[in-house]
Protein chains: 2
Amino acid sequence: MLDAAEAVVVTQGAVRLTLDAVARQAKLSKGGVMYHFPSKEALLQALVTRAIERSHAARETLLPAAPQPGQVLQAYVRASVGDPLGNDRVSGALLSVVASDPKLMAPVREFFRKRLPAIGKDVPFERAALIHLATEGLWLMDLFKLSPFTKAQRAKIVRLLGELAAAGGAVP
Amino acid sequence: MLDAAEAVVVTQGAVRLTLDAVARQAKLSKGGVMYHFPSKEALLQALVTRAIERSHAARETLLPAAPQPGQVLQAYVRASVGDPLGNDRVSGALLSVVASDPKLMAPVREFFRKRLPAIGKDVPFERAALIHLATEGLWLMDLFKLSPFTKAQRAKIVRLLGELAAAGGAVP
DNA sequence: ATTACTGTACCGTCCAGTCGGCACAGTAAA
DNA sequence: TTTACTGTGCCGACTGGACGGTACAGTAAT
């Protein structure tokens, strides 16, 4: 059911995420959808929650057992932008649905608030912040299909971000 | 008239940008609005065009007469994020209206495609890309009110970005 | 006479949310 | 074993409101 909603938001776009569309995708009637979620907002809330959990999970699977300094940050970089325009189109599309509703944005804000402290604990603040921002920038630009980079350029940048996170090399 | 539309999109949010709301804000009737813009899409197009022009203008006013290497990039950084949550709420809010319509996004994409080559000409590619991404990241996070930084932290990061752009110092 | 509107009355579409009811499984008393 | 009843999951028709857009008669300034 949530899967159906995600399919709609990815294939049809944010504005077309209507209860009817979800119902069609889930091979249910709208009444059936409303039976499980009392309102559209409730459905969106569930989607947001699941997206956040999935984001946590994605980073954790890339995390080594005993992370060296910077490796948490590196795992974050890879989880976020390692795979260009990957499966995370969901969170992206979702963001643009949810952006207008402060109530729905609250958990997202919470998520972002905790993210930097979590991933940048063992890295100098300014470096962690820079990498965090660049990573989010790339992610958000991918989301809006605004990225001006060629595939090769993008790969180079992702590599650079990973190296900066883990090794502490200098920026060229 | 465009001012009125911008006022609406900033104060009421992206979803509330309706023709009626614009008319009310402009102290016109809906007929009056439709007299100038044949459709809502035409109005949005005009808004996008103006926002892009304004963004160009903002950078140019910060540009020294004979820019040293890196100073174009520095001007870009300052124009984009120098003033926290500044007047550029317009472009932000606008983006989330326009994001769903490929036709309206085309000029925006064009704008972004040309931006990096323009601002990073005299700076090593990877450095320019990193600064560009971090700047856009900060801008986009401000837009969605997702920035996890305190005022002091934000100021420090903006300073760092400016220095990295102009001087070529190392990342701490 | 042209230009720039106003005001009102519509139309069609889309959408969230409501409501009555159907099918069916389980249960439990008679 | 039949009968009566309950709760769950779902259907589909409908309501009411919002919105984009149309049509048009009138007005006031240039």
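Q: Into which classes do the residues of the surface near DNA strand D divide, and how many are charged?
A: In this predicted model, 16 residues lie around DNA strand D. Four of the residues on that surface are nonpolar and six are polar. The number of charged residues is six.

Q: Which element gives the most to the surface near DNA strand D?
A: Elements of both chains each supply at least two residues there: α3 of chain A, and α2 (19-26), α3 and α4 of chain B. With four residues, the element that gives the most is α3(A).

Q: Which residues of chain A does UniProt list for "DNA-binding region"?
A: The span in question is 70% helix and 0% strand. Its end C-alpha atoms lie 13 Å apart. The UniProt entry, which is unreviewed, lists residues 18-37 of chain A.

Q: How far apart are the end C-alpha atoms of residues 1-55 of chain A?
A: An unreviewed UniProt entry lists these residues for "domain: HTH tetR-type". Over this span the chain is 73% helix and 0% strand. The end C-alpha atoms are apart by 19 Å.

Q: How many helices does the secondary structure of chain A come to?
A: Read along the sequence, the pattern of chain A is α-α-α-α-α-α-α-α-α. The C-alpha atoms of chain A fill a box of roughly 55 × 30 × 30 Å along the principal axes. The chain has zero strands, and its helices come to nine.

Q: How far apart do the C-alpha centres of domain 1 and domain 2 of chain A lie?
A: The domain assignment of chain A gives domain 1 as 1-38 and domain 2 as 54-166. Six residues of domain 1 are in contact with six residues of domain 2. On the domain 1 side of this contact, four residues are nonpolar, one is polar and one is charged. The C-alpha centres of the two domains lie apart by 28 Å.

Q: Are α5(A) and α8(A) roughly parallel or roughly antiparallel?
A: Helix α5 (residues 71-81) and helix α8 (residues 125-143) of chain A pack with their axes 9 Å apart, at an angle of about 10°. Angles under 35 degrees count as roughly parallel. The orientation of α5(A) to α8(A) is therefore roughly parallel.

Q: How many nonpolar residues are in the contact of α5(A) with α8(A)?
A: From α5(A) come Leu73(A), Val77(A), Ser80(A) and Val81(A). They meet Ala128(A), Ile131(A), Thr135(A), Leu138(A) and Trp139(A) in α8(A). Two residues of the contact are polar and no residue is charged, while the nonpolar residues number seven.

Q: How are α1(B) and α4(B) oriented to each other?
A: Helix α1 (residues 2-11) and helix α4 (residues 40-61) of chain B have axes 10 Å apart and pack at an angle of about 90°. In this contact Leu2(B), Ala5(B) and Glu6(B) of α1(B) meet Leu43(B), Ala46(B), Leu47(B) and Arg50(B) of α4(B). Five residues of the contact are nonpolar, none is polar and two are charged. Given the angle, the two helices are therefore roughly perpendicular.

Q: Which element of chain B supplies the largest share of the side that touches chain A?
A: Between the chains, 35 residues of chain B are in contact with 35 residues of chain A. On the chain B side, two or more residues come from each of α7 (102-119), α8 (125-143) and α9 (151-166). By class, that side has 23 nonpolar, four polar and eight charged residues. The largest share, eleven residues, comes from α8(B).

Terms used
Residues are numbered from 1 along each chain as its sequence is written. Chains are lettered from A and ligands numbered from 1 in the order in which they are written. This is a predicted model: local features need pLDDT of at least 70, side-chain atom pairs count only at pLDDT 80 or more; totals for chains, interfaces and linings use all residues. Axes are lines fitted to C-alpha atoms, for helices over the stretch in contact, and angles run from 0 to 180 degrees between N-to-C directions. Angles under 35 degrees count as roughly parallel, over 145 as roughly antiparallel, 65 to 115 as roughly perpendicular and the rest as oblique. Two residues are in contact if their C-beta atoms, placed from the backbone, lie within 7 Å. Ala, Val, Leu, Ile, Met, Phe, Trp, Tyr, Cys and Pro count as nonpolar, Asp, Glu, Lys and Arg as charged, and the others, Gly among them, as polar. UniProt positions are given in the numbering used here, feature names are shortened, and annotations may be inferred rather than shown by experiment. Domain bounds come from an automatic or database domain assignment. A residue is near a molecule or strand if its C-beta atom, placed from the backbone, lies within 6 Å of it.
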